[in-house]
Amino acid sequence: KAREPRGSDGRRGISLAFGPSGTGKTWVSKWLESVDEGVVHVQINGEMKTYVAILKGVLAKRGHHGFAATGEATTDAVCRYFKRGDLIILDHAHLLQMRVIEQLTVFPDEHGIALALIGNAAGYKALLDAKTKQILSRVGGAMVHVNIPSAEDIDCILEAEQIFGRKEREFCHAIGC
């Protein structure tokens, strides 16, 4: 959804995927990066929390070692290596300050490069609590909140796989929940 054009000027949107650890958000993002050359997945860490540090990480993932050309802004360097409709996935986005996320909206707005923010449930709550209209207005139906499966979800899978033993079902419930 984030990669779809918004209006006639080529703007793109923002996708949000938040939920507990172990629900597959990172795995899906890395898989998408491996099958689509227009996607880059960058994992935010303690050293990569500023706008420029994130962009250097994005450039490094494209093999450009995170440095802009002489006299070139880091934003311009990213735009040189990405085209309209490409996607930058920022994993562990819950570590980012709102002002940095707001700065990153320049990519979908001005350069047609979509963003996907992935994080934990606390990050999702912080984003909603901050009431950042600049970000949420760009989401446009691409907000996914991943929950840990319920007992009913697990039962459906067990029945489909014809697993009926009591101990096996208890074991699967313990893993799933």
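I shall discuss a histidine, a surface patch and several salt bridges. Please bear in mind that this is a predicted model.

Let us begin with histidine 41, which is found in strand S2, residues 39–43. Is histidine 41 buried or exposed? Its relative accessibility is 3%, so histidine 41 counts as buried. Its side chain makes a polar contact with the side chain of aspartate 91, at 3.0 Å. Beyond its neighbours within four places in sequence, histidine 41 is in contact with several residues, including Glu33 and Lys61.

Lysine 61 is partly exposed at 42% relative accessibility, and glutamate 33 is partly exposed at 22%.

Helix H1, residues 25–35, also contains valine 28. Together with Trp27, Trp31 and Val35, Val28 forms a nonpolar surface patch of about 470 Å² accessible area.

Finally, I turn to arginine 169 and aspartate 155, whose side chains meet in a salt bridge at 2.9 Å, N to O. Here arginine 169 lies in helix H9 and aspartate 155 in helix H8, 14 residues apart. Arginine 169 counts as buried, at 19% relative accessibility, because the cut-off for buried is under 20%. Aspartate 155, at 22%, is partly exposed.

Thank you for your attention.

Notes:
Residues numbered from 1 in each chain as written. Predicted model: local features only at pLDDT ≥ 70, side-chain atom pairs only at ≥ 80, totals over all residues. Heavy atoms only, no water. Helix = DSSP H or I, 4+ residues; strand = E, 2+ residues; numbered from the N terminus. Buried < 20%, exposed > 50% of the residue type's maximum accessible area, 1.4 Å probe, protein only. Polar contact = N/O pair within 3.5 Å; in protein donor to acceptor, adjacent residues only side chain to side chain. Contact = heavy atoms within 4.5 Å. Patch = residues over 30% accessible without salt bridge, like charges linked within 9 Å, V, L, I, M, F, W, Y side chains within 5 Å. Areas by Shrake-Rupley, 256 points an atom, 1.4 Å probe, with all protein chains shown as cover. Salt bridge = Lys/Arg side-chain N within 4 Å of Asp/Glu carboxyl O.
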